[in-house]
Amino acid sequence: EKDDQKPTFATVIVEINAADSVQLLQVKGIGPAFANRILKYRKQLGGFSAINQLLEVYGFDAEKLENVKAQFVVDAALIQKLNINKEEFKILLNHPYLDFKQVKAIVGYREQIGPLKSISELINLEGFTAKDVERLKPYLSVR
């Protein structure tokens, strides 16, 4: 007596910061729409520092994360960092974790005082909480 002939997926492990859409599609539970959204968000973010950031991708819920997380690894060394002392206003503003007020504070600081010496200094600027600074650390550099 035969089981229903369901395709079996070999479990693939995909490095989320290096994967292209073809590799993402090999992950059971990721279709073309999610593959595109993941790539688009990764580009905006600069890369993923933790797999649970997939929850920030439009339509990605906790159940989907639970189903796919074992198939992903994260190499945070691949994150493209933004230099907060050099990047243009609009480039900084495009980062999902920075809002207008925060970018204005960074650029204002640069213009009035000079370059920031560390990411931790952001806590002294208007609009930044300790949580914001912690969340931004993997994405920003000062040199």
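This is a predicted model: local features need pLDDT of at least 70, side-chain atom pairs count only at pLDDT 80 or more; totals for chains, interfaces and linings use all residues.
Student: Why is Leu116 called buried?

Tutor: Leu116 has a relative accessible area of 2%, and the limit is under 20%, so Leu116 is buried. Leu116 is found in the loop between α5 (100–112) and α6 (130–136).

Student: What does Leu116 touch, apart from its neighbours within four places in sequence?

Tutor: Contact means heavy atoms within 4.5 Å. Leu116 is in contact with Ile84, Asn85, Ile106, Tyr109, Glu121, Leu122, Leu125 and Val142.

Student: And what makes Ser141 buried?

Tutor: Its relative accessibility is 16%, so Ser141 falls under the 20% limit. Ser141 touches Lys81, Leu82, Asn83, Ile84 and Ile119, not counting residues up to four places away in sequence.

Student: Which secondary-structure element holds Ser141?

Tutor: Ser141 is in strand β4 (residues 140–141). Helices (H or I, at least four residues) and strands (E, at least two) are DSSP runs, numbered from the N terminus. The protein has 6 helices and 4 strands, in the order β-α-α-α-β-β-α-α-α-β.

Student: What makes the pair of Ser141 and Arg143 a polar contact?

Tutor: A polar atom of the Ser141 side chain lies 3.3 Å from the backbone oxygen of Arg143. The rule asks for N or O atoms within 3.5 Å, with one able to donate a hydrogen and the other to accept it; residues adjacent in sequence count only if both atoms are side-chain atoms. At 3.3 Å, the pair is therefore inside the distance limit.

Student: How do you know that the length of helix α2 agrees with its number of residues?

Tutor: The expected span is 1.5 Å times one less than the number of residues. For the 14 residues of α2 (residues 32–45) that gives 20 Å, and the end C-alpha atoms are 20 Å apart, so the two agree. Gly46, with a positive phi near 100°, follows α2.

Student: Which residues of α2 are buried, and where do they sit around the axis?

Tutor: Phe34, Ala35, Ile38, Tyr41, Arg42 and Leu45 are buried in α2. They cover an arc of only 140°, which puts them on the same side of α2; the arc is that of the directions from the helix axis to the C-beta atoms. Their cover includes α1 (21–25) and α3 (62–68). The face turned away from that side carries the exposed Pro32, Lys40 and Lys43.

Student: How does the radius of gyration of the protein stand against the globule rule?

Tutor: The rule is 2.2 Å times the number of residues to the power 0.38, taken over C-alpha atoms. For 143 residues a compact globule would be near 15 Å, but the protein has 19 Å. Its C-alpha trace spans about 75 × 25 × 20 Å along the principal axes. Buried residues make up 41% of the 143.

Technical notes:
Residues are numbered from 1 along each chain as its sequence is written. Side-chain values use heavy atoms; hydrogens and water are left out. Buried means under 20% relative accessible area, exposed over 50%, partly exposed in between (1.4 Å probe, protein chains only).
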